[in-house]
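Here is a short report on selected features of one chain. Please look over the sequence and the model before reading on.

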Amino acid sequence: MASDDQNSASDWLEISVEADAESVDAVVDLFSRHVYNRGVVLNEPFVQDSDGDNLEIDATRPVVVSGYLPLDDSVEDAVARIDNGLWHLRQLGTVGELTRRVQHEEDWANAWKEHFPITRIGRHFVVRPTWRDYTAQPDDIVIDLDPGMAFGTGLHPTTALCLGWLETLDLHGLRVLDAGAGSGILSIAAMKLGADAIDAIEIDPVAVSALRQNIARNDLSEHVSIWTADATKPLPVDGPYDLILANMISRILMATSASLAAAAGPKTTLVLSGLIEAHEDEVASTFAQHGFQVNDRRTSGDWVSLLMTRGSSD
């Protein structure tokens, strides 16, 4: 336990649990209600070619769900609530025991770097960690990224699915909203594919710091405006947007439906990601109430991403 204000500000409790595919979304929902700024990390086992191509989830192994709690006087109460929720989830699926580890902020910010390789995603995207060297090929779209303690490295299938959609769309001249922007990877990708301007919304101040740095290191600060805001509430930006990106868990996606719809125009394209198949119909139905229809879907393991439009696509 932290003994003074300085330690309390710099020490964190990392909590983790293994869950099977059917239980992951419920565990993520539970964690997001209690951990710092609703930030949940999913470590899905995957296999990948040595050159970074052909990323695939290893569905035979469990997913590790993690989150962080500040080491203050309320930490034990929060852990107890999470542990109680996990007990109930174990009655319905395969959920492991909660593990806990104290992390110093400096260690937390750097320990994951050895697990973050140069990654090729889709036909053209190459996500390059800023501490690794890479010689770009003629058709590469290189995204220089240091997510820090934010989320969105490109390694997670939900992010890869979004990047896949972006490669299929004509973004030239479009105005884009990136809701829950995290590290900024989708904003950067959209700008490098020809978007005209982007508003990036992120609630977590830690992620906002990483977001600003990543936008700057990709020389896009003049074109991407960053807002610290809760996407589930009325947004501090004015639509309409031609394209809206939202990569969040199912519960948060549904909670953002009204604010995202208010930012949309009559023919806005909407990319949703972060949901699992069990919640797909509920999420689609929620957005259908705001005039959006599903045009296409893509999957990676149990994860689903939806391409939706409002109004006619003609």
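## V176 and its surroundings

In this predicted model, V176 touches A195, A197, I198, D199, Y241, L243 and L245, leaving aside residues up to four places away in sequence. V176 belongs to strand 10, residues 175-179. Its relative accessible area is 0%. That is under the 20% cut-off, so V176 counts as buried.

V176 and A200 are 24 residues apart in sequence, and their C-alpha atoms are 8.4 Å apart in space.

Three strands make up an open sheet, ordered 7-8-9, with mixed pairing. Strand 7 (119-121) and strand 9 (141-145) are the edges, and each pairs on one side only. Neighbouring strands here are turned by 25° against each other on average, direction ignored.

Strand 8 (residues 125-129) pairs with strand 9 in the parallel sense, over five bridges. Within this sheet, V126 stands opposite V142 of strand 9.

Helix 6 (residues 185-192) lies across strand 8 and strand 9. Helix 6 runs at about 150° to strand 9.

## Helix 5

Helix 5 covers residues 157-168, twelve in number. From first C-alpha to last, helix 5 reaches 17 Å, close to the 16 Å expected at 1.5 Å a residue.

Eleven of the twelve residues are buried, so helix 5 is largely enclosed by the rest of the structure. The buried residues of helix 5 are P157, T158, T159, A160, L161, C162, L163, G164, W165, L166 and E167.

How values were computed
Residues are numbered from 1 along each chain as its sequence is written. This is a predicted model: local features need pLDDT of at least 70, side-chain atom pairs count only at pLDDT 80 or more; totals for chains, interfaces and linings use all residues. Side-chain values use heavy atoms; hydrogens and water are left out. Helices (H or I, at least four residues) and strands (E, at least two) are DSSP runs, numbered from the N terminus. The expected span of a helix is 1.5 Å times one less than its number of residues. Buried means under 20% relative accessible area, exposed over 50%, partly exposed in between (1.4 Å probe, protein chains only). Two strands pair if DSSP finds at least two bridges between them. Axes are lines fitted to C-alpha atoms, for helices over the stretch in contact, and angles run from 0 to 180 degrees between N-to-C directions. Contact means heavy atoms within 4.5 Å.
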